[in-house]
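Dear colleague,

Please read them alongside the model itself.

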Number of protein chains: 2
Amino acid sequence: MTYCVGLQLDRGLVFLSDTRTNAGVDNISVFRKLFTWEIPGERAMVLLTAGNLATTQAVVSLLDERNVAASERSPSLLTVPSMFQAARLVGDTLQQVIAERRDGGQSQASTFNATIILGGQIKDGPPRLYLIYPEGNFIEAQPDTPFFQIGETKYGRPILVRAYDPAMSFEEATKLLMVSFDSTIKANLSVSTPLDLQVLETDALRLGVSRRIEDTDADWRAISDGWSDALRSAFDSLPGVTL
Amino acid sequence: MTYCVGLQLDRGLVFLSDTRTNAGVDNISVFRKLFTWEIPGERAMVLLTAGNLATTQAVVSLLDERNVAASERSPSLLTVPSMFQAARLVGDTLQQVIAERRDGGQSQASTFNATIILGGQIKDGPPRLYLIYPEGNFIEAQPDTPFFQIGETKYGRPILVRAYDPAMSFEEATKLLMVSFDSTIKANLSVSTPLDLQVLETDALRLGVSRRIEDTDADWRAISDGWSDALRSAFDSLPGVTL
């Protein structure tokens with residue numbers, strides 16, 4: 001499976017993804033699921049993928065090719081005038097890649113499905129965060145729902161819902177995402193380190209801090225090891241029940 | 001959906017179930033999913049159900065009828081010699097009820113599926129806790145995995161895994177289950193109060209404390225309202241991350 005989160009803060013966007021892919025529990029691999037594009041001073045975008053790996057790799061390759069081949073450069077992620085147009089481009093590409101395989105005779109369209117989180121900022125526009133469906137349509141994060149999760153979303157959701165604060169620093173947001181990922185990784189074998197972190201600061205119009213978090217990462221270890229004790233203390237701090 | 005948990009402690013067994021059933025989000029009802037049988041001083045059993053309501057009600061009715069009609073009284077939950085035989089009886093009944101509908105021409109066997117937790121104790125045997133599958137087979141809880149969840153299991157699992165301790169009192173176990181249910185209820189509309197609690201003390205051979213926990217229950221409110229703050233404090237207590 002996969003676990004990826006894109007989080008919208010007052011200061012910008014933060015993305016974290018795992019890297020485990022699997023075709024059965026006896027066939028696991030490490031693949032990057034976080035991709036970036038930028039023209040410094042003009043635009044910066046981050047894309048997270050969950051679902052069929054052949055589909056998501058094809059989508060990213062097609063988006064990249066359009067950026068490279070001058071003849072096909074319009075529309076591309078490096079030329080679209082707005083994040084809304086970028087989301088449309090990614091959605092259309094995703095929908096086409098899935099349709100190609102489905103039309104190849106496979107009846108199970110869901111086999112090739114994938115879901116994408118796209119976030120970024122283009123000059124003269126605000127930072128925006130989208131969740132893009134296999135059908136190519138998409139929704140945008142709003143203050144009421146300021147984050148998107150894809151893949152194995154359930155184990156890590158309670159802490160996100162409760163501890164998220166739009167005024168968080170990037171460091172606090174990273175810590176929050178690490179806790180959410182720790183709960184998921186401890187419960188689902190198909191989600192695993194290393195993790196890929198990417199920060200996009202509002203109005204920087206370039207990629208911010210980027211980090212690969214290995215299982216031995218000191219911050220990760222402190223949080224992963226500390227969370228069990230912290231949770232147990234939180235539990236003990238609650239009032240007792242009388243039977 | 002549903003959320004039910006059966007927990008094995010040194011002192012006995014604790015069961016908690018929600019009561020919401022739904023046929024679509026626009027058609028919800030309250031139905032009991034926790035059922036008990038006892039012959040005081042001789043045996044006590046608790047059964048929790050998740051899945052198709054027609055299936056689970058039929059299973060419970062069939063188990064009850066066998067207890068009532070003297071001619072059909074062997075085997076019944078009130079006469080089987082061991083908890084293992086009780087689990088076999090429940091499993092066989094469940095598998096037959098599902099097969100009847102499936103053989104009625106419906107191709108989607110899974111539509112009628114249900115999963116059951118059965119726990120209890122019969123004189124001269126230890127307390128035992130089983131998870132019974134739609135196919136009629138079952139597994140038993142062991143010290144490594146001392147609890148079973150059915151229904152919406154994911155949101156409430158991290159706290160169970162981390163805060164469970166076999167030496168817990170029944171009060172602490174109830175508190176733990178309430179936290180697990182609170183996380184689930186806050187995340188999944190198809191799980192809801194009132195909750196049904198049942199305690200079985202080891203060697204009591206009769207039903208212990210039983211309680212219906214409404215949304216206004218003082219203990220439940222203290223835990224449900226307190227858990228968000230406790231979680232946030234736990235999060236704040238973790239070391240910071242440097243980017």
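In these notes, contact means heavy atoms within 4.5 Å, and helices (H or I, at least four residues) and strands (E, at least two) are DSSP runs numbered from the N terminus. This is a predicted model, in which local features need pLDDT of at least 70 and side-chain atom pairs count only at pLDDT 80 or more, while totals for chains, interfaces and linings use all residues. Residues are numbered from 1 along each chain as its sequence is written, and side-chain values use heavy atoms, with hydrogens and water left out.

The buried residues (under 20% relative accessible area, with a 1.4 Å probe and protein chains only) of helix 2 of chain A include A:Leu89, A:Val90 and A:Leu94, and what covers the buried residues of this helix includes helix 1 (53-68) and strand 7 (114-122) of chain A.

Further along chain A, the axes (lines fitted to C-alpha atoms, for helices over the stretch in contact, with angles from 0 to 180 degrees between N-to-C directions) of helix 4 (residues 170-187) and helix 5 (residues 218-237) come within 10 Å and cross at roughly 60 degrees. Among the residues that meet there are A:Phe181 and A:Ile185 in helix 4 of chain A and A:Trp220 and A:Trp227 in helix 5 of chain A.

In chain B, B:Arg211 is found in strand 12 (residues 210-213) and counts as buried because its relative accessibility is 19%. Not counting residues up to four places away in sequence, B:Arg211 touches residues of both chains, among them A:Leu243, B:Asp217 and B:Asp219.

Best regards

How values were computed: Chains are lettered from A and ligands numbered from 1 in the order in which they are written. Buried means under 20% relative accessible area, exposed over 50%, partly exposed in between (1.4 Å probe, protein chains only).
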